[in-house]
Amino acid sequence: QVQLVESGGGLVQAGGSLRLSCAVSGRTFGNYAMAWFRQAPGMEREFVAAVTAVAPLADSPEIYYNDSVKGRFTISRDNAKNTGYLQMNSLESEDTAVYYCAAAPKYINSRSIYRPNSYDYWGQGTQVSVSS
């Protein structure tokens, strides 16, 4: 059974930083896509960032960000630890949401990377609250 567990959320003042972690257990993935989504109260689930699996003809994965977090958030992963990360800097009150990690042991193309239904596994979410 594959499980994803997010951690690192909390309460932070505007301008502060947090690093979210997403630990994958149950099996290892040599090549996988990982994404972060968030959902604020009363809002739809929103794509935040993703790093793809390595495409068949590519040498490295592709990275995507929501325009609202570009320059502030950085997505990364440590394959050896089966852990993904979302480094969040210069946090704003608008970043307040439950953040979800998602993963898929496959390549997801650029048209599908933003879609929640492209991902096979999801974490339970971690709350990020930014005060102003």
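Visitor: Arg72, buried or exposed?
Guide: Arg72 is buried, because its relative accessible area is 11%. Buried means under 20% relative accessible area, exposed over 50%, partly exposed in between (1.4 Å probe, protein chains only). This is a predicted model: local features need pLDDT of at least 70, side-chain atom pairs count only at pLDDT 80 or more, and totals for chains, interfaces and linings use all residues. Residues are numbered from 1 along each chain as its sequence is written, and side-chain values use heavy atoms, with hydrogens and water left out.

Visitor: Which side chain meets Arg72 at 2.7 Å?
Guide: Asp95 does, in a salt bridge, N to O. A salt bridge here is a side-chain nitrogen of Lys or Arg within 4 Å of a carboxyl oxygen of Asp or Glu. Asp95 and Arg72 are 23 residues apart in the chain.

Visitor: Why does Asp95 count as buried?
Guide: Because its relative accessibility is 1%.

Visitor: And what does Glu92 pair with?
Guide: Glu92 also bridges to Arg72, with the closest N and O atoms 3.8 Å apart. Glu92 counts as partly exposed, because its relative accessibility is 34%.

Visitor: Switching to Arg38. Where does it sit?
Guide: Arg38 is in strand E4, residues 33–39. Strands (E, at least two residues) are DSSP runs, numbered from the N terminus. Arg38 forms a salt bridge with Asp95, closest N and O atoms 2.9 Å apart. Both residues are buried.

Visitor: Which residues make up the network of salt bridges?
Guide: Arg38, Glu46, Arg72, Glu92 and Asp95 are linked in it.

Visitor: How many salt bridges does the structure hold?
Guide: Six.

Key
Helix = DSSP H or I, 4+ residues; strand = E, 2+ residues; numbered from the N terminus.
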